[in-house]
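The sequence and the structure come first, followed by short sections on selected features.

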Amino acid sequence: MVDLTTLRADTPGVQHVIHFNNAGASLMPQAVVDAITKHIILESEIGGYEAAEAQKDAIQDFYTATAKLLTTSADNIAATANATDAYARALSAIPFQRNDIILTTVNDYVSNQIAFLSLQKRFGIKIVRATDDSSGGVSVDDMADKIKSLRPRLVAVTHVPTNSGLVQPVEAIGRLCREHDVLYLVDACQSVGQLPVDVSQIHCDFLTATCRKFLRGPRGMGFLYVSDKVLSSNLAPLFIDLHGASWESADTFCLRPTAKRFEDWEFPYALVLGAAEAHRYALNVGIEAIANRNADLCATLRSQLIQLPGVRLLDEGNRLSSIITLISERKSANDLKAALSAGHINTSVSPHGAAILDFDRKNMLTTALRISPHYINTDAEINMLVETLHRLLA
Ligand SMILES: Cc1ncc(COP(=O)(O)O)c(C=O)c1O
């Protein structure tokens, strides 16, 4: 059970907006804002390098708290600028050769798909997408067949896509990858903070995420999990700097043993400290409690949205997340978002280009309205959203 009164008292944004854009960026708790501003002030008072030195232990707690969230060790975590940055660093560590296969899904994130296409263009790798099953998620059987028959260099799966309520079976795919010794990269950008994400169950080699979404951290921070297997095989990002490696002689360098080899030297330490605070906050509320609360909120909301005039929900899958996308034949998503925003209700839109394969399969050629509740939303806010939509669509 979450204590809504306390959690909302911790969150200044709830005084100003009704926030259903947690899949974009959530509202930061005051403690996160304080951690950031305190460090910026310290930097201004004693110097940036000196402030980092003074806050060494607190900075290290970013790794400890993030590791706890994912059920791993601090040495397996790298701090990055965002999820896409983490993803690019992970991809750049894989020594792809011509005709190597990346096995992925039709629901993988748009920027990941573009990165695969870019690898295809430059290195001649092949992209294969496993088919979906009748539930709308990727077919684990098809993944198994393709892993066995194609021996991919990498399997890449987005846990929760940006554009629908789908939750992909990342644990079952992880068991297949482990069994067949295939590298496995999971994009957990939209799942971490709203669902349990446990790398000891997922068995991935890399996992990428961002701090500003369901984790309620600041913009401009993300992280990368790197497995012991990857670290001990000496995989490293292509462009590694003096923080990730030491220059040993004119022609040699030596890799740092931990996941920090995936980082750059320069960091926005105020944001690292803010993210650490956000991750501790999520751990204190409890990920199971958050997931249960979100499941209740979203079930209530979906059951009401489906009754609105001309509305079609786009969410499919055996298990649904806190991302709800819909279209209405009566008004465009952009118009709905703008009208809601005029009433201080934040939502967002998923354009066709964000998910062309999924949207084409659903015969969805237009933009969808994306509503992403989180545990601090109230039933009254849900009612307000549904009533406003009803008025706009009636
Ligand atoms: C599923 C998914 N992966 C990755 C990203 C990229 O995250 P970032 O903007 O932090 O790079 C997003 C952003 O919306 C996303 O929804």
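Why does Asp 181 count as exposed?

Asp 181 counts as exposed because it has 8 C-beta neighbours inside 10 Å; exposed denotes 12 or fewer other C-beta atoms within 10 Å of a residue's own, with C-beta atoms placed from the backbone. Asp 181 lies in the loop between helix H8 (170–179) and strand S6 (183–187), and its phi is near 50°, a positive value in a residue other than glycine. Helices (H or I, at least four residues) and strands (E, at least two) are DSSP runs numbered from the N terminus.

His 344 is not a glycine either, yet its phi is positive, about 60°. His 344 sits in the loop between helix H13 (333–342) and strand S13 (345–346) and is exposed, with 11 other C-beta atoms within 10 Å.

## Basis of the model

The model is predicted: local features need pLDDT of at least 70, side-chain atom pairs count only at pLDDT 80 or more, and totals for chains, interfaces and linings use all residues. Residues are numbered from 1 along each chain as its sequence is written.

## Domains

The domain assignment, automatic or from a database, gives domain 1 (4–28 + 286–393) and domain 2 (30–284). Their C-alpha centres lie 26 Å apart.

In domain 1, 33 residues are in contact with 32 residues of domain 2, contact meaning C-beta atoms, placed from the backbone, within 7 Å. Helix H12 (287–305), strand S12 (324–328) and helix H14 (356–361) each supply at least two residues of the domain 1 side. The largest share, five residues, comes from H12.

Technical notes:
A residue is buried if 20 or more other C-beta atoms lie within 10 Å of its own, exposed if 12 or fewer, and partly exposed in between; C-beta atoms are placed from the backbone. Two residues are in contact if their C-beta atoms, placed from the backbone, lie within 7 Å.
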